[in-house]
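Biologist: I'd like to learn how to read contacts in a model. Could you walk me through a few?

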Amino acid sequence: DLDPPREPPGASDTILRQLDALRLHWDGEVLYQSQRHGAYQEALASLESMDHIFYCRCSRKRLRELHAVYDGHCRLRREPVAVKTAVRLQVAPLSLGFDDRIQGWFQQQLDTEVGDFVIKRKDGLFAYQLAVVVDDAFQKITDIVRGYDLLDSTPRQLYLQRLLEYPTPRYAHIPIIVNSRGQKLSKQRFAAAIDVDDGPQLLLEALRFLGQRPPSDLRGADCATLLDWATENWDIQAVPKLANIPEITS
């Protein structure tokens with residue numbers, strides 16, 4: 001719940017109910033990002049003390065007209081001003097890469113491919129890049145599995161981890177399911193929600209999407225049995241090294 005203006009009422013409770021219905025149980029207490037602003041502010045203050053941030057007054061119109069990475073226009077603004085500003089992290093001329101467990105080696109030149117990026121928005125909300133880095137370190141996360149669409153965010157997070165002296169988890173980016181137009185299935189694209197009443201079939205389809213081969217005798221098995229099989233037989237090397245996988249419509 002990092003971005004309240006975009007969060008439908010009851011969304012977080014719905015997600016937890018769906019996970020529970022699929023027997024995808026979590027460890028420990030659920031961490032809500034809306035209650036973590038103090039930790040994010042502490043990390044931001046640490047970056048400011050090291051002179052890594054600046055205050056950006058650029059309008060959306062100006063940023064759209066750049067057609068490229070941020071050009072450093074406000075880099076000299078090291079003190080907050082009365083008007084609303086975004087807080088940007090000043091990146092070094094540095095190439096950062098990592099070995100993704102599915103996609104292989106991925107590397108970015110931060111200054112020319114990414115540019116100084118926002119870590120706190122003009123509306124006062126903390127940006128995703130900062131929040132997830134702080135939360136991953138706090139929860140001692142060792143492995144992160146997420147969609148391919150977040151692959152190019154990873155060097156930014158590696159850079160923040162380096163500056164804040166956090167450990168770096170292992171990453172694995174899976175292909176995302178797209179519609180006939182190549183658009184990610186998401187609420188933004190009005191994709192239909194999953195039906196957890198058909199949980200076992202959803203898990204079977206997910207395993208097949210991810211290149212796993214559940215045997216035919218698992219048809220009709222419950223969620224717990226399917227997950228036991230998946231845990232014992234999981235092969236990360238079988239996951240397709242693709243960006244997208246078309247939706248099954250039949």
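Modeller: Start with the side chain of Gln103, which reaches the backbone oxygen of Leu242 at 3.3 Å. This is a predicted model, where local features need pLDDT of at least 70, side-chain atom pairs count only at pLDDT 80 or more, and totals for chains, interfaces and linings use all residues. Residues are numbered from 1 along each chain as its sequence is written, and side-chain values use heavy atoms, leaving out hydrogens and water.

Biologist: Where is Gln103 placed?

Modeller: Helices (H or I, at least four residues) and strands (E, at least two) are DSSP runs, numbered from the N terminus. Gln103 sits in the loop between strand S3 (95–100) and strand S4 (104–109).

Biologist: And what does Gln103 touch, not counting residues up to four places away in sequence?

Modeller: Contact means heavy atoms within 4.5 Å. By that rule, Gln103 touches Tyr148, His173, Pro240, Lys241 and Leu242. Val239 is 136 residues from Gln103 in sequence, yet their C-alpha atoms are 9.3 Å apart in space.

Biologist: Which residues of H2 meet H6?

Modeller: Ala43, Ser46 and Leu47 of H2 do, against Leu160, Leu163 and Leu164 of H6.

Key:
Polar contact = N/O pair within 3.5 Å; in protein donor to acceptor, adjacent residues only side chain to side chain.
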